[in-house]
Amino acid sequence: MRLNRLLSVFILMLGVCCHIVQSHAQTVDDAKLRPLVQALAGDNFEDTTKAISDLVKTGDPRVSKILDALSAGDLYLAKADKTVFLGKRDGSDYAATDALTGAKLDPVPRSAAEKIKVNNRLRRDIAAAVGGLTLMSDNIAERRSAAEAILKTRDPESIPLLDQAIAVEKDASVKALMQQAKAAAVLSSDAADDVKIAAITEVSAGNSRDALGLLTPLENVQGPVGEAAKAAIDSINTKLAFWNAVQNVVYGLSLGSVLLLAAIGLAITFGVMGVINMAHGEMVMIGAYTTFVVQQIIRTSAPGLFDYSLLIALPAAFLVSGGIGVVIERGIIRFLYGRPLETLLATWGISLVLQQAIRSWFGASNVQVGNPSWMAGSFDLGLITLTWSRLWIIVFSLSVFAILQLVLKKTMLGLRMRAVTQNRRMASSMGIRTPWVDALTFGLGSGIAGIAGVALSQIDNVSPNLGQGYIIDSFMVVVFGGVGNLWGTLVGAMSLGIANKFLEPFAGAVLGKIVVLVLIILFIQKRPRGLFALKGRAIEA
Amino acid sequence: MLTIENASLHYGAAQALRGVSLQVKPKSITCVLGRNGVGKTSMLRAIVGQHPLSSGSISFEGSALGRKPPYDRARAGIAFVPQGREIFPLLTVRENLATGFAAATRGNRNVPPEVFELFPVLKTMLGRRGGDLSGGQQQQLAIGRALVTRPKLLVLDEPTEGIQPSIIKDIGRAIQFLRDQAGLAILLVEQYLDFCRELADHVYIMDRGEIVHSGDAASLDKPEVRKFLTV
Amino acid sequence: MITQWFFTHVDRRGGIAIALLVAIAFLVPLSNLLLPETSPLHIPTYLVSLIGKYLTYALLAVALDLVWGFCGILSLGHGAFFALGGYAMGMYLMRQIGPRGVYADPVLPDFMVFLNWKELPWFWHGFDNFWFAALMVVLVPGALAFGFGWLAFRSRVTGVYLSIITQALTYALLLAFFRNDMGFGGNNGLTDFKDILGFNIQAGTTRSMLFAATALFLALAVFVSSFIIRSKLGKVLVGVRDAESRMRFLGYRVDRYKLFVWTISAMMAGIAGALYVPQVGIINPSEFEPANSIEAVIWVAVGGRGTIIGPIIGAVLVNFGKTYFTAAFPEIWLFALGALFIIVTLFLPKGILGLYGSWKTKLADHAARKKDSAPPPVAAENVHLPEPQAAE
Amino acid sequence: ADDTIKVGILHSLSGTMAISETTLKDTMLFLIDEQNKKGGVLGKKLEAVVVDPASDWPLFAEKARQLIEQDKVAAVFGCWTSSSRKSVLPVFEELNSMLFYPVQYEGEESSRNVFYTGAAPNQQAIPAVDYLAKEEGVERWVLAGTDYVYPQTTNKILKAYLNAKGVKDEDIMINYTPFGQSDWQTIVSDIKKFGSTGKKTAVVSTINGDANVPFYKELANQGIKAEDIPVVAFSVGEEELAGLDTKPLVGHLAAWNYFQSVDADANAEFIKEWHAYTKNDKRVTNDPMEATYIGFNMWVKAVEAAGTTDSNAVIDSIVGTSVPNLSGGYATMMPNHHITKPVLIGEVQDDGQFDIVYQTPGLVVGDEWSDYLPGSKDLISDWRKPMSCGNFNIVSGKCGGVTN
Amino acid sequence: MKAQDTLLYLDGVSVSFDGFRAINNLSLVLQAGEMRAIIGPNGAGKTTMMDIITGKTKPDAGDVYFNGEVDLTRHDEAEIALLGIGRKFQKPTVFESHTVEDNLVLALSGPRSAFSALFHKQSANEAERIEDILYTIRLNGKRDWLAANLSHGQKQWLEIGMLLAQDPKLLLVDEPVAGMTDAETAETAKLLREIAKTRSVLVVEHDMHFVRELDAKVTCLHEGSVLAEGSLDFVSNDQRVIEVYLGR
Ligand SMILES: Nc1ncnc2c1ncn2[C@@H]1O[C@H](COP(=O)(O)OP(=O)(O)OP(=O)(O)O)[C@@H](O)[C@H]1O
Ligand SMILES: Nc1ncnc2c1ncn2[C@@H]1O[C@H](COP(=O)(O)OP(=O)(O)OP(=O)(O)O)[C@@H](O)[C@H]1O
Ligand SMILES: [Mg+2]
Ligand SMILES: [Mg+2]
């Protein structure tokens with residue numbers, strides 16, 4: 001393992017030299033470079049490592065592209081003529097380009113080419129080497145990643161190079177990053193104490209968590225450096241403690257919004273209609289499968305639309321799950337009004353049938369639902385990382401909540417829904433078409449479960465069992481919040497989410513969950529009708 | 001307006017109506033009396049479509065109601081004030097009234113002012129949940145709610161039950177008003193003899209699921225009629 | 001004398017059920033042990049264990065129906081009591097293994113050796129004694145039910161709120177028992193049993209005896225349930241089911257009544273679990289799964305809620321269905337089971353026993369309409385919630 | 001009827017485990033089909049008896065009994081989770097039948113009637129950790145698992161192993177999550193923190209089943225790349241990756257004894273026929289399938305050798321049987337009823353396959369009683385006569401736990 | 001204490017729901033053996049007052065004593081019922097899946113513990129009382145009917161029967177004659193007068209004929225407090241009572 005480290009240092013050094021050479025000799029002869037590229041397809045990783053360092057030594061600007069391609073796994077070896085080419089998958093062929101010139105080649109059938117193997121170590125080496133090569137690149141993104149690479153390796157040898165780069169860097173954020181990288185490198189060098197202390201100040205101004213990693217090893221150093229490091233660590237830790245609490249809240253809200261999404265459809269079918277809807281989870285699952293089908297269609301017929309796949313899936317899932325909900329209501333549930341407990345039996349049966357139907361149709365294993373680009377990745381909020389998918393889910397669940405609340409409270413349909421579920425016979429005598437309203441209500445609840453499935457498909461696995469994983473939590477949320485009260489569902493979901501996240505760090509995920517369950521049991525003793533209990537005689541009537 | 005012919009009704013094995021025939025004329029008040037459990041409510045349930053007849057027929061404005069569901073009957077103009085009020089407990093008073101819009105025509109989706117004139121309490125309690133009202137207030141709400149549908153025939157099952165005397169008088173006046181000014185036909189089931197006598201254009205008396213007497217209000221004082229109302 | 005006492009507390013159906021159960025308690029083992037395998041009346045050991053398992057489920061269903069059918073407490077966590085009884089029995093069986101475990105430790109069960117525990121946790125002490133274990137089989141579920149019920153009923157937690165917290169209870173126990181640290185063998189549970197009361201647990205005779213014990217306990221449970229239901233206490237419970245607060249205004253301490261049956265029912269479930277474990281040879285946390293408890297509710301609903309023998313029929317039938325379907329149509333059996341549940345709810349609203357009941361009333365109905373006489377009194381033996389008209 | 005030999009297939013086709021087990025049922029049907037094309041066994045056709053134990057452990061026991069007693073199958077292939085195996089084990093011992101168990105497990109078991117063709121911990125976990133330490137220079141370890149017996153045991157073994165190699169406790173973080181965990185935000189962020197001290201960090205994942213997909217999704221979304229903190233998993237194979245977009249996961253690792261990408265003729269042949277049989281050239285293959293394949297072929301070979309399907313004869317003849325595995329070598333049934341296997345480490349590729357980056361030079365013998373656990377290091381298992389013991393204590397010289 | 005020597009003593013009782021004062025500083029005293037009729041507009045708080053006495057609603061302020069010494073606000077519904085306060089609800093609530101007879105059996109006074117109920121055997125005396133009550137409420141022909149199948153008025157009667165069976169010291173009767181024929185109303189009045197010979201009765205009614213026949217002291221409530229109290233004639237001539245309640 002020492003060896004690896006030395007090796008990367010070595011490569012980097014080469015990079016540094018090359019860079020200096022670079023200004024004189026821009027490019028190298030193709031004829032000289034080609035065998036080196038060819039050597040990348042060595043028999044084992046050692047050979048490849050050597051080939052990389054040989055390539056870097058040439059200092060040719062094309063090298064970084066080739067190495068990037070290697071790192072991304074886009075470099076192939078044609079089996080027939082043993083040439084190395086740049087490939088992109090295209091049906092059963094590879095669209096091939098020449099690794100050096102970038103000239104378009106004939107497509108190579110997949111079976112006729114072999115991928116040049118890389119492993120994590122090689123990828124790290126390449127990143128470091130390319131970092132050296134691209135620190136002065138024209139492309140800002142390349143410079144940034146170069147600086148990041150050095151920040152990771154913290155190699156003292158790169159200090160002069162960094163100095164040079166910092167001097168000419170125009171972009172403030174990249175410059176700051178380079179300075180961070182330099183400070184990091186200084187800390188792992190044997191520079192004088194005062195230089196190091198300055199570096200400590202520099203480092204602790206940046207991302208605290210990385211800084212902590214840099215400073216911890218210095219903590220036990222005797223003398224002023226150690227003290228400075230200790231002080232910096234302490235201040236960082238206070239900052240982190242605060243951000244940890246923020247993280248718990250934010251993650252709690254995120255978990256809460258997942259719970260809310262899962263439960264909100266149930267708040268209609270169970271909370272408003274009183275149907276103990278055991279098939280609710282399957283409606284969610286069907287929504288997720290609808291997303292899968294939509295993506296599948298997009299993948300085969302309109303790949304450009306992939307980023308919109310979720311937007312298309314939303315109405316589709318609402319209609320599919322809602323439609324199935326209407327069918328279930330008309331076919332089965334409507335015979336069971338006034339016998340709420342029996343809806344449990346029937347919907348349990350429905351849930352078995354739906355699960356098996358999906359299993360027979362799509363197979364028992366997970367299907368793949370992809371993240372559109374705007375759902376992928378994460379961003380930093382202060383010192384915590386929040387993924388885009390989670391953020392969108394929070395936004396999404398709150399919007400669904402708001403819309404639903406509007407529908408129930410402000411529209412005629414909402415009023416009729418509530419009237420019908422409170423007294424079906426009398427509602428009918430008031431001129432309300434109860435069969436309609438029943439079907440629409442159940443359809444609405446199911447449809448909302450369906451769109452929850454679209455969102456959940458982004459963070460969970462899509463399999464016939466998807467719904468089973470959420471049904472218990474959903475009932476827990478609806479009941480904890482208070483049956484028949486949408487606000488209760490919202491607050492219930494969020495408080496369960498946050499409670500879970502505050503308990504998780506010190507009780508562990510498992511005990512944390514147990515504690516939450518016990519808390520729910522105890523809480524219900526205090527408020528036997530949930531968080532937002534309806535009060536007054538109206539309830540007993 | 002409303003004609004019932006030879007109607008029978010069963011609850012499982014138990015027969016509640018036996019060949020009942022009855023008529024309600026337009027712009028008139030028809031009153032049905034009878035002891036407990038003789039089938040008055042059952043008859044009204046059959047009229048509004050909450051329970052099917054086992055034989056016989058009911059026609060409204062000349063067309064047979066057959067097996068029409070209650071909401072179609074409500075839309076055709078039959079409004080019902082049930083025994084036991086049956087207001088929607090978790091809806092506010094305003095919302096309870098608004099449920100009647102379903103049966104009203106588009107232009108009529110508002111609460112007619114008579115309702116608040118008749119029952120001023122309702123106006124002060126628009127935001128309160130129906131279930132929280134007192135028994136009498138609920139009864140008032142139930143009548144108000146029926147009027148929101150702008151019915152042609154108003155079917156009332158013991159509307160005075162649990163209502164304070166002054167309002168009973170108001171209700172009486174209102175019923176007359178509805179007949180005279182709005183031209184409604186009214187079918188009223190009552191136990192409260194005086195109330196009936198004052199209002200009714202025509203009375204029926206039921207016993208054991210059958211109509212045993214039919215006549216005008218004055219006939220109620222005859223002893224052979226009275227015997228059906230004693231214990 | 002005794003028979004008279006017996007029949008004042010059990011109705012005809014219950015009597016028949018008890019008689020039948022007692023009969024099979026003797027006949028099935030006899031047929032299994034004495035008749036040659038070639039005889040058409042011979043019941044193979046395979047079936048004996050299978051039916052034995054069904055009967056333990058039936059016992060659980062009877063326990064559940066006592067609280068749900070007659071007292072309106074829908075428990076979605078009765079599986080927890082069943083599992084606890086099972087664990088108590090499992091711990092006894094574990095201790096019986098003694099030095100015959102794979103690590104040959106004279107005291108510690110295998111999984112403890114394997115987790116490198118040095119001594120028996122305190123709660124495992126005493127379980128080497130059968131009678132202590134037997135006591136725990138009823139005491140542990142009983143105590144948990146009592147504590148839980150005492151809290152919940154006193155706070156007037158009812159309806160779905162109660163159902164959901166019972167579910168939370170069993171779910172929490174599921175997670176807890178999954179943990180190795182709990183000291184109950186983690187997700188693998190307790191297994192590898194060797195013998196019970198000195199008899200080899202795999203021997204045909206032992207199996208037959210376990211079967212007989214199950215049938216007899218079930219008969220006893222039917223009797224106890226009948227006794228409770230036909231007593232005034234039973235009437236109070238039905239009253240509580242229909243109008244709980246009204247019962248309070250009559251001066252009944254509703255919470256105590258509920259607590260009483262709730263605890264009895266949990267103990268019955270515990271016994272069911274204890275009989276179940278030696279017959280299936282393993283107890284693990286999956287018994288705590290909420291789905292198991294829901295399934296038990298479904299047995300009751302299928303058989304007929306609020307009747308005494310409905311749950312037995314339901315439990316046996318659904319499980320037989322499961323046994324049959326999973327072998328006959330392994331790939332699509334969920335369709336069959338799901339359809340069964342849907343059909344039962346749609347066409348047999350009162351369960352299978354209700355079917356019988358409604359035939360009877362239909363006949364009576366018919367007769368009554370013909371004679372056009374006054375309505376007949378409604379038989380009180382089949383008590384059900386009144387059902388408001390369906391829509392339209 | 002006597003003209004066929006019945007073979008039991010005991011895999012969940014519904015419930016939570018159906019995701020994994022359904023494929024193995026298909027594999028068995030495929031293998032039986034192939035065998036019948038070759039003329040069956042002992043001149044008789046094989047007949048598959050499929051049942052669905054529905055991810056319900058007691059039902060496993062019931063179905064096992066039904067297969068053996070009622071259907072009179074010659075051998076049973078099945079089970080996935082340890083709980084299901086534990087639940088059927090007494091049945092197989094009582095009725096003296098044979099179970100072939102194709103999944104990696106925590107070890108600590110050896111039964112005369114069970115043949116463990118999946119990996120024992122030493123055939124998966126230890127080589128994986130060695131690889132990370134050596135090739136990736138990992139110094140800090142996160143042992144993340146689902147809270148149940150297999151991860152707990154594996155982690156116990158690994159911790160003992162790492163400690164023995166000089167890794168300090170503060171450099172080991174152990175984390176357990178409940179079954180079906182779907183919210184990984186906190187844990188992934190904790191891993192990130194744990195890995196930001198400057199020492200090279202890796203995650204050894206024994207996370208089970210469904211929980212993996214959300215775990216990897218969160219990893220990818222929070223931007224933890226394999227170059228920074230690689231994750232090596234023991235329960236994630238081609239089948240699990242099928243539900244994931246693997247682009248952000250490239251470079252994370254898995255340790256198995258087989259990958260679909262293994263470059264061997266036997267494998268190419270197997271995949272081709274599998275695709276032909278399932279009429280789906282996207283169907284992936286995975287490690288438990290290979291274990292099933294090996295187990296089935298061993299059984300066939302042992303039956304042919306014994307000339308009968310009688311359990312006693314087959315159990316005696318199967319030890320020492322060698323059959324080709326799919327990675328170009330041979331698997332041999334050892335006296336402890338575990339088999340020899342190569343250990344492969346693969347890196348996730350963007351097409352959902354694994355790229356093999358390391359392979360043990362020789363075959364590793366499955367170690368049923370771990371050498372790293374104090375209670376079991378003195379135990380060995382040898383089912384050959386005259387020892388015939390699954391847990392022989394070499395210190396006391398006695399066979400523990402023998403009944404009847 | 002003033003409460004002594006009274007059967008029921010309410011002083012300064014107030015209760016409000018979401019800011020609405022349903023009972024406002026209400027004071028009312030009932031002597032042992034007294035019958036009292038309560039009238040008052042809809043929503044005056046009559047039913048709420050009964051809720052307070054029977055422990056269903058806890059007052060925000062004020063004293064509620066029974067028998068001069070028992071503070072009713074400290075007891076729950078069941079305990080209050082056991083003290084000897086029985087109630088008939090405005091909306092008849094009976095046990096729908098029990099037969100008429102069983103409804104009475106449940107209401108019948110006697111030990112209320114679970115164990116005594118488990119081993120309870122009906123005595124001849126009890127059977128006889130049930131017989132009497134069935135006869136009184138004219139449901140003896142329907143003793144085996146499920147209560148669910150009774151008509152509205154029949155349920156009213158059954159509920160009165162249950163109150164009789166309970167044999168309480170104080171009967172709270174909320175609108176007993178709603179839905180009864182005039183003849184039945186008279187009958188009921190007679191029955192209550194009979195009962196009032198040995199117990200105390202608090203009757204709420206809107207039917208003035210009935211109130212007259214009760215021949216008891218009348219209290220008129222309005223907006224949660226007492227508006228007028230005295231003989232029926234006195235009260236019904238009170239201008240404010242006419243204004244808010246009787247109408248012109
Ligand atoms: N849902 C029901 N099921 C069975 N029988 C019923 C049902 N409802 C009413 N009955 C019976 O039908 C008969 C007529 O009842 P109905 O409610 O029509 O009487 P009513 O004349 O309105 O009496 P009341 O004056 O008491 O309201 C009664 O004998 C009653 O017991
Ligand atoms: N839980 C509650 N929430 C809000 N308001 C309530 C509640 N309970 C009672 N009220 C109000 O308190 C007032 C008193 O109600 P109460 O039922 O006691 O009247 P009442 O005198 O019995 O009337 P009635 O003669 O109509 O039965 C009413 O205005 C009612 O709307
Ligand atoms: Mg009526
Ligand atoms: Mg009132």
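Modeller: First, a definition: angles under 35 degrees count as roughly parallel, over 145 as roughly antiparallel, 65 to 115 as roughly perpendicular and the rest as oblique. This is a predicted model: local features need pLDDT of at least 70, side-chain atom pairs need 80 or more, and totals for chains, interfaces and linings use all residues. Residues are numbered from 1 along each chain as written, chains are lettered from A and ligands numbered from 1 in the order written, and side-chain values use heavy atoms, without hydrogens and water.

Biologist: How are α6(A) and α8(A) oriented to each other?

Modeller: Helix α6 covers residues 140-153 of chain A, and helix α8 covers residues 172-187 of chain A. Helices (H or I, at least four residues) are DSSP runs, numbered from the N terminus. Their axes, lines fitted to C-alpha atoms over the stretch in contact, lie 8 Å apart at about 20°, on a scale from 0 to 180 degrees between N-to-C directions. Therefore α6(A) and α8(A) are roughly parallel.

Biologist: Which pair of chains has the most contacts?

Modeller: Contact means heavy atoms within 4.5 Å. No contact joins chains B and D, whose closest C-alpha atoms lie 37 Å apart. Chains D and E do not touch either, with nearest C-alpha atoms 37 Å apart. Among the 8 pairs of chains that touch, the most contacts are between chains A and D.

Notes: Helices (H or I, at least four residues) and strands (E, at least two) are DSSP runs, numbered from the N terminus.
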